[in-house]
Amino acid sequence: MGKPETLSPDRIAKGPHARLVGHRVLVYPTAASTNDLAWSFSDRPDHSGLCVFAEEQTAGRGRQGRRWLSAKNQALLFSVLLLDCPAAAETLTLASAVAVADAIEEITSARLSIKWPNDVLLGGKKACGILTESRRLAGRPCFVIGIGLNVHQDRAFFESANLAATSLQLETGQTIDRNELAARLLNALDRRVEQTQTAPHLILTDWKRRNHQVGQRIGLCQGKQHFHGTCLGVDPAEGLIVQLDDGPIRLFAAAQTSILP
Ligand code: BTN
């Protein structure tokens, strides 16, 4: 494993420069899930934009009930709380994936792509997952965006956990400073979350530039049902647009859909 530097809120937080994300950062040595921790701060409106990091999670969760595994001090595991945010969960997930890609490209020359709905891939393998959760609180739309980005893990970690995934360090050979990466990531998230309200077309353009599924044949799974077709594009608020082999054009919402390998 790589060097176990610890995360420091002072090096990560954007402070008063933050528009929507990252004015305040909390770092916990351990948490069950940073998504749950972030929700626990939703009682005060001025907590919107708060970012909660953990050095390890004991019950990290992924999409569709999957677990999210990471060893202590090896990753960026954090969640952003957005209160009264007029966006769709799907749009926030796309914006977050683009923000992760922006930040990684600022400090590495990694070969990167985005796989719908929420994976950032390096060298074709998953290095980052995003779990956006939504609730209506006091009648207002609220979100937690949870991000798990593999930074220092070595091959032995992924092999022993039986995961077909990778880390930034494995793919680039670079020594990455997690505090610097986290600070850049919050900058990018601040900008991209604002764009969900001011310029969503820019998110879509930058998402498409890094996606290899549009124009390709794909298989999808919703519960026990499988679908095959050609991916035509993505609707930022509704999901993936697919021309089915045996019928109409259909929209697939991220919450209920997985891409078949
Ligand atoms: C996925 O690809 O299935 C999404 C994974 C999201 C993992 C992150 S780690 C930080 C945050 N806390 C969680 O429990 N999950 C998200």
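Predicted model: local features only at pLDDT ≥ 70, side-chain atom pairs only at ≥ 80, totals over all residues.
Colleague: How many helices and strands does the protein chain have, and why does it count as compact as a globular protein of its length?
Modeller: The protein chain has 7 helices and 12 strands. For 261 residues the globule rule gives 18 Å, and the chain is as compact as a globular protein of that length because its radius of gyration is close to that value. The radius of gyration of the chain is 18 Å.

Colleague: What share of the 261 residues in the protein chain is buried?
Modeller: Along its principal axes the C-alpha trace spans about 55 × 45 × 30 Å. The chain exposes about 11600 Å², with carbon and sulfur atoms supplying 51% of that area. Of the 261 residues, the buried share is 54%.

Colleague: What part of the contacts with a separation of 6 or more is between residues 24 or more positions apart?
Modeller: The count takes in contacts in the protein chain with a separation of 6 or more. Within that set, the part from residues 24 or more positions apart is 65%.

Colleague: How far apart do the centres of the positive and negative side chains lie?
Modeller: There are 29 positive and 26 negative side chains in the protein chain. The centres of these two sets are separated by 2 Å.

Colleague: How many disulfides are there, and which cysteine sulfur is nearest to that of cysteine 85?
Modeller: The count comes to 0 disulfides. Cysteine 85 is in none, and the nearest cysteine sulfur is 8.6 Å away. Cysteine 85 also counts as buried, at 5% relative accessibility. That nearest sulfur belongs to cysteine 142.

Colleague: Where is arginine 135 found, and which residues does it touch?
Modeller: Arginine 135 is found in strand E6 (residues 125-137) and is partly exposed, with a relative accessible area of 40%. Its C-alpha atom is 9.5 Å from that of leucine 83, 52 residues away along the chain. Not counting residues up to four places away in sequence, arginine 135 touches Trp39, Arg140, Pro141 and Cys142.

Colleague: Which two residues does a cis peptide bond join?
Modeller: Most residues other than glycine have a negative phi, and most peptide bonds are trans. Here omega is about 0°. The proline of the pair is found in the loop between E4 and strand E5 (119-122). The bond joins tryptophan 116 and proline 117.

Colleague: Is asparagine 73 buried or exposed?
Modeller: Asparagine 73 is found in the loop between strand E2 (51-54) and strand E3 (75-82). Its phi is near 65°, a positive value in a residue other than glycine. At 11% relative accessibility, asparagine 73 is buried.

Colleague: Is alanine 138 buried or exposed?
Modeller: Alanine 138 is found in the loop between E6 and strand E7 (140-150). Its phi is near 50°, a positive value. With a relative accessible area of 82%, alanine 138 is exposed.

Notes. Residues numbered from 1 in each chain as written. Heavy atoms only, no water. Helix = DSSP H or I, 4+ residues; strand = E, 2+ residues; numbered from the N terminus. Rg over C-alpha atoms; globule rule 2.2 N^0.38 Å. Buried < 20%, exposed > 50% of the residue type's maximum accessible area, 1.4 Å probe, protein only. Contact = heavy atoms within 4.5 Å. Areas by Shrake-Rupley, 256 points an atom, 1.4 Å probe, with all protein chains shown as cover. Lys, Arg positive; Asp, Glu negative; His and termini not counted. Charge placed at Lys NZ, Arg CZ, Asp CG, Glu CD. Disulfide = S-S within 2.5 Å.
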